Amino acid sequence: MFAAERRQLILEMVRANGAVSLRELARVVQTSEVTVRRDVRALEAEGLLDRRHGGAVLPGGFTRESGFPQKSHLATAEKTAIADLAAGLVEEGEAIVVGAGTTTQELARRLARVPGLTVVTNSLLVAQALAHANRVEVVMTGGTLRGSNYALVGSGAEQSLHGLRVSRAFLSGSGLTAERGLSTSNMLSASVDRALVQAAAEVVVLADHGKLGTDTMFQTVPTELITRLVTDEPAPHDERAATELQALADQGVEITVAEQQGHTGPGGHSGPNGVAPEPGPASRSPRRDAMPLPNPRHGQHGGTPGAPQQLRSAALPTEQHTGERDRERARVAELRRR
């Protein structure tokens, strides 16, 4: 297939579906993700589509946001691997907040097996995933329902979070950069996410590699308040993602990378049509590569809320952690070479 024919087919698929993953595009046009990514960039340069979250969407800039049906088909294997790994961070009897999003919905499905857990959320999808978990208590915020992502937003949602204190917040978003942190394309969603962050002692961001280096309109979590990033392994040629991981690690964010089981490189996947099979209790065991954070910023669970300056000061490396920082940088450099 000639480049012009590929690009026309890619454009037709995006127009028909609103959003399509790079893996699905590569499967349909029968070429590699590297070639598809090049085609998508060319189409973006012409203003015919936008690149988002490991896929392509209809053009619209910062003001447009894909709805749940479109986002649920993007980077599905990556979200599954990230959710598997993030669930391992949650301990029995813990109280956490979980924000809205398709990745956090995947996380919630796995949290149903954690006994004594209390989950505070503004997401109907997260609450639904936990509705039949016998030993998990679900607390929902108030607010106005935002139908595009099934989330409760507005002043009612924010006020219901006042005075709340939990150990961790698990959040997703539309983009993540070392310079600006986590961001989203909707003002109401961003405001609620900021309230969720204020309620937590630690902040864990769940973001697939397609969101790395992407900056959207409304900031939700500045980099200095992010404790940990759980992401998937970027492709060997993805310099933007690898560079962003290095920059985030340099700013003291702990990076945990999950590799998809059965991943076979560009275009490879363990399930049909770019969608990973629903994992059973022992069907998936993603590799965990963690780059340790020198002197964690946020301290232990239940610490004193607030004090951003103290958090930034605690992130500064000391002499005894120089070796850890060198190993951390070497790990990201190795990741970039793959």
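A salt bridge here is a side-chain nitrogen of Lys or Arg within 4 Å of a carboxyl oxygen of Asp or Glu. The model is predicted. It holds 12 such salt bridges.

**Salt bridges**

| Pair | N to O distance |
|---|---|
| R168 and E94 | 2.7 Å |
| E106 and R110 | 3.1 Å |
| D215 and R180 | 2.5 Å |

Take R168 and E94 to begin with. Their side chains meet at 2.7 Å, N to O. R168 lies in strand β9, while E94 sits in the loop between α5 (76–87) and β4 (95–98), so the pair ties together parts that are 74 residues apart in sequence. Both R168 and E94 are buried.

The pair E106 and R110 belongs to one helix. Both lie in α6 (residues 102–111), four residues apart, and are separated by about one helical turn. Are they buried or exposed? E106 counts as buried, because its relative accessibility is 13% and buried means under 20%. R110 is buried too, with a relative accessible area of 5%.

D215 and R180 meet at 2.5 Å, N to O. D215 lies in the loop between β12 and β13 (218–221), and R180 in the loop between β10 (175–177) and β11 (181–184), so this pair ties together parts that are 35 residues apart in sequence. D215 counts as partly exposed, at 31% relative accessibility. R180 counts as partly exposed as well, at 23%.

**Nonpolar cores**

In soluble globular proteins, nonpolar side chains tend to be buried together. Which residues have the most contacts inside the largest nonpolar core? They are L176, V205, L212, V221, L229, L248 and I255, in a core of 31 residues. The elements that give two or more residues to this core are strands β9 (166–171), β12 (200–206) and β15 (254–259), along with helices α9 (187–198) and α10 (239–250). A second, separate core has 25 residues, including V90, V98, L107 and F170.

**A surface patch**

L124, M140, L145 and Y150 make a nonpolar patch of about 320 Å². One of them, L145, is found in strand β7 (residues 144–146). L145 is partly exposed, with a relative accessible area of 47%.

Note on methods
Residues are numbered from 1 along each chain as its sequence is written. This is a predicted model: local features need pLDDT of at least 70, side-chain atom pairs count only at pLDDT 80 or more; totals for chains, interfaces and linings use all residues. Side-chain values use heavy atoms; hydrogens and water are left out. A nonpolar core is a set of buried Ala, Val, Leu, Ile, Met, Phe, Trp, Tyr and Cys residues joined through side-chain atoms within 4.5 Å. Buried means under 20% relative accessible area, exposed over 50%, partly exposed in between (1.4 Å probe, protein chains only). Patches are made of residues with over 30% relative accessible area and no salt bridge: like charges are joined within 9 Å, nonpolar side chains (Val, Leu, Ile, Met, Phe, Trp, Tyr) within 5 Å. Accessible areas come from the Shrake-Rupley method with a 1.4 Å probe; for residues, only the protein chains shown count as cover.
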